[in-house]
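Reader: Could you walk me through how the labels on this structure are assigned? I like to see each value next to its cut-off.
Author: Gladly; here it is.

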Amino acid sequence: MKLKALLRLWVTKLGAIFLQPYCHGQGIGKALMDKAQEIHGNLEVEVFKVNNMGRNFYSKYGCEKLKEKIHEQTGQKVLRLKFTANKTKH
């Protein structure tokens, strides 16, 4: 069996959502976000600014930008986003 998706949570920080490309557009990412929100309510996540697909996903889910910083290991810009449970847009 192949791993199709991965969700990593730390308290209120969403560590990561990764999906195999063939799983995109099937509602799996939304289901993982729904589960994370069910467990923790408000969530924060970081996404690379160049990751348009990830940024669009989180934006559609209702995440809002908190701040922008430089990722020390890569020098790339990273956006810290917040999802507020009572302001759901999905």
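Reader: Why is lysine 77 called partly exposed?
Author: Lysine 77 has a relative accessible area of 43%. Buried means under 20%, exposed over 50%, and partly exposed in between, with a 1.4 Å probe and protein chains only. So lysine 77 counts as partly exposed. Some background: this is a predicted model, where local features need pLDDT of at least 70 and side-chain atom pairs count only at pLDDT 80 or more, while totals for chains, interfaces and linings use all residues. Residues are numbered from 1 along each chain as its sequence is written, and side-chain values use heavy atoms, leaving out hydrogens and water.

Reader: What makes the pair of glutamate 68 and lysine 77 a salt bridge?
Author: Their side chains meet at 3.9 Å, N to O. A salt bridge is a side-chain nitrogen of Lys or Arg within 4 Å of a carboxyl oxygen of Asp or Glu, so the pair qualifies. The structure holds 8 salt bridges.

Reader: Which lysine forms a salt bridge with glutamate 68 at 3.3 Å?
Author: That is lysine 49, with 3.3 Å between the closest N and O atoms. This pair links distant parts of the chain, 19 residues apart: lysine 49 is in the loop between S3 and H2, and glutamate 68 is in strand S4 (residues 64-70). Helices (H or I, at least four residues) and strands (E, at least two) are DSSP runs, numbered from the N terminus. Lysine 49, at 33% relative accessibility, counts as partly exposed, and glutamate 68, at 31%, also counts as partly exposed.

Reader: How do you know that glutamate 38 is exposed?
Author: Because its relative accessible area is 57%, glutamate 38 falls in the exposed class. Glutamate 38 forms a salt bridge with lysine 35, with the closest N and O atoms 3.1 Å apart. Both lie in helix H1, 3 residues apart, about one turn of the helix. An α-helix has 3.6 residues a turn, so residues three or four places apart point the same way.

Reader: Why is arginine 80 called buried?
Author: Arginine 80 has a relative accessible area of 18%, so it is buried. Arginine 80 lies in strand S5 (residues 77-83). A polar contact of 2.8 Å joins its side chain to that of glutamate 44; such a contact is a pair of N or O atoms within 3.5 Å, where within protein one must be able to donate a hydrogen and the other to accept it, and residues adjacent in sequence count only if both atoms are side-chain atoms. Arg80 also belongs to a network of salt bridges with Glu44, Glu46 and Lys69.

Reader: How do you know that the buried residues of H2 line one face of the helix?
Author: In helix H2 (residues 52-61), Gly54, Tyr58 and Tyr61 are buried. Seen down the axis of H2, they fall within an arc of 60 degrees, so they line one face. The arc is that of the directions from the helix axis to the C-beta atoms. On the other side of H2, Met53 and Lys60 are exposed. The buried residues pack against strand S2 (13-19), helix H1 (28-40), strand S3 (43-48) and S5, where contact means heavy atoms within 4.5 Å.

Reader: What makes leucine 3 exposed?
Author: Its relative accessibility is 58%, so leucine 3 counts as exposed. Leucine 3 lies in the segment before strand S1 (5-10).
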